[in-house]
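Subject: Handover of a structure, with notes

Dear colleague,

I am passing on the structure below, and I would be grateful if you could read the notes that follow with the structure open beside them.

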Amino acid sequence: MRLKLEPQLYPNTHENASKLRDNATNHYDAKEISEFDSTIKNVVVRDFLANDENSQLEEDLRLTIEAQSQQDVTLEKLLISQECELITLMTKVKGRIEVNQTLFTFIDLSPPADDGSKHDFRFSINKIREVHLRKYNLRRSALEIFLIDQTSYFLNFTTKTRNKIFSKILSLQPPNILYGSGRSPAELLKTSGLTQKWMNREISNFEYLMYLNTIAGRSYNDLSQYPVFPWILADYTSDILDLTDPKSFRDLSKPIGVVNPKNEAEVRSKYDSFEDPSGAIPKFHYGTHYSNSAGVLHYLLRVEPFTSLHIELQSGRFDVADRQFHSIPQTWKLLMDNPNDVKELIPEFFYFPEFLKNMNKFDLGHLQITKEKVDDVILPSWATTPEEFIAIHRRALESEYVSQNLHHWIDLIFGYKQKGPKAVEALNVFYYCSYEGAVDLDKITKPVEREAVEGMINNFGQVPSQLMREPHPRRLTQEETAVKLLRGELKRPDLTQFLDKIVQYYCEISTPKDPIVYLSPPRSPPRSFLQLSPDMLVSISKSCILGCHSWMSYDKERGFLLEIDATTTNLKNRKRIFGPLHPSQAPHSQMFAISTDGKLLYAGGIWDNSLRVYNLHKGKSIASVTRHLGIIEKDNKKDIRV
């Protein structure tokens, strides 16, 4: 999910935009792409990051890291300086990135805004969590950088410099990076193990869809590549929604344009009868796209900055009331009646009730026939408040019906039915300009034509990167999952059969003056009888001395021996958990916890009521969360409790 949006204290109500809408006919009219008289020839290029490019990028990355490690580079020396564009929703900000061994900086080179604000930012290299190759306007030219605090930045370069910048950033070997390689999105998904986790119900449907969107190049930073979620319900009129009835749900095996069987004949006929005299435009079923800038702004009309972007897209005015998103039941009804409207949903439908409220009191006009004022979004009968709608809708997303059918929709959007003969068979072909690899803007020499194609791509929407070329496996049912877990439990070895092998071993790791208050190894993940965490034993004494003890090699006579951390007895090199602790709290075992990988120590009981995170190897604080009103400790289930 995106970081929580903050309401403006003194919002702009856009009164002029409302007056312009009421006093003049809105000239904007959403048309299908097929209605445009385009003379632009398509330039077919290779698929995004084809296999040979991936291999070359991986090799370049390896060589760059090796060269970097052999150089003695000072921390302040500038390693990268490159002009680029910062992509923010629908805006491109010209600037320059400067990177040294420790800092990543973006300098805004565009003219300052009316309020004098700039888009400059800076962060530590240590905060980088993921770096993904991205496309922008179907060009292989962008990077998206994710930080450990969930912030992300979308940077667009030239196609010639993007890979060099990517390799250079990764050659710095950020310590907290999880994803960062030149592999294709399909390979990233395959190696991540996320599909298997979803099948085994280790992650939710919502989490899996967000992972798929992110790996496939969808981003909150670019409206033309916004994360896409499915319509999952078909019942918006009942007083009570029955999540056990299949009739309450949309058919996830079909594109939204043909969920209503009455539309199939028209959609199929459009494809079969389409002929482009120039031969440049291939056949397609839909002249509009399921995810584009206008569609995202349609849903998020009531929330800034999307309100301002909507007005900008409509030439300085609000769109007429009848075309606005004012009712969820009505939106679904129009989708079922019109095969040319194929908008899917956005993630906000499952976690963000504020977008359904007109909290800024915008004048959105009146409906033409009923004269009803457009204000908050009208909800289905089974929800009385936006919060209740989001809660029920999220529950529907995680329901058993959706869990057993979601893989069909994934095949359509991210999988093997996305393009090719299977897409034709599934009535799932869109206008060619939405597919990656269909247009190479660098080969269009005329500025007017290039600008027209860029605008078309940016406003029309883009198909995500294809992640699978085979049918997506289905999710296990609840019963199958229970059986699998039970079998796993029954396979665990009975340790009571080996009690005669247990030997007693005594070692001294504390003194009477400074007794041990916390002693624990890193805990293995749930449902694992094997010790997957590092072989170590962490101790904390009453005076907050940290010790990381390890097991010595097995001795036939004495068994496994514990090697005491030498720093605990060395006054100079001692690792101490600094606080200081809260005056009312003496150190005890419920104030500490260790991560399963044995790298981090979580400490509560601090004087400022914070949760602090320490690096076990160095004994230094690396993070602190201070938004708590009471002292933090653990409950009996060993979970951190506030």
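Strand E1 (residues 80–88) and strand E2 (residues 91–99) pair in the antiparallel sense over 9 bridges, where strands, like helices, are DSSP runs numbered from the N terminus (H or I, at least four residues, for helices; E, at least two, for strands), and where two strands pair if DSSP finds at least two bridges between them. Within this pairing, Ile87 has Lys92 in E2 as its bridge partner.

Before going further, please note that this is a predicted model, in which local features need pLDDT of at least 70 and side-chain atom pairs count only at pLDDT 80 or more, while totals for chains, interfaces and linings use all residues. Residues are numbered from 1 along each chain as its sequence is written, and side-chain values use heavy atoms, with hydrogens and water left out.

E1 and E2 belong to an open sheet of 7 strands, which runs in the order E4-E3-E2-E1-E7-E6-E5 with antiparallel pairing. Its edge strands, each pairing on one side only, are strand E4 (121–124) and strand E5 (128–136), and from one strand to the next the twist averages 30 degrees, with axes taken as lines fitted to C-alpha atoms (for helices over the stretch in contact) and angles running from 0 to 180 degrees between N-to-C directions.

A second open sheet has 4 strands in the order E13-E14-E15-E16, again with antiparallel pairing. Here strand E13 (592–594) and strand E16 (620–625) are the edge strands, each pairing on one side only, and the twist averages 25 degrees from one strand to the next. E13 pairs with strand E14 (residues 600–603) in the antiparallel sense over 3 bridges, and the bridge partner of Ile594 in E14 is Leu601.

Leu616 counts as buried because its relative accessibility is 2%, the cut-offs being under 20% relative accessible area for buried, over 50% for exposed and partly exposed in between (1.4 Å probe, protein chains only). Leaving aside neighbours within four places in sequence, Leu616 is in contact (heavy atoms within 4.5 Å) with residues including Val538, Leu546, Cys548, Ile594 and Leu601. Its C-alpha atom and that of Gly547, 69 residues apart along the chain, are separated by 8.6 Å.

Ser327 lies in the loop between helix H9 (306–313) and helix H10 (328–337), and it counts as buried because its relative accessibility is 7%. A polar atom of the Ser327 side chain lies 3.2 Å from the backbone nitrogen of Gln330, and, neighbours within four places in sequence aside, Ser327 is in contact with Val377 and Ile378.

Finally, helix H14 (residues 447–460) has buried residues Val453, Glu454, Met456, Ile457, Asn458 and Phe460, and what covers them includes helix H8 (293–299). Just after H14, Gly461 takes a positive phi of about 110 degrees.

How values were computed: A polar contact is a pair of N or O atoms within 3.5 Å; within protein, one must be able to donate a hydrogen and the other to accept it, and residues adjacent in sequence count only if both atoms are side-chain atoms.
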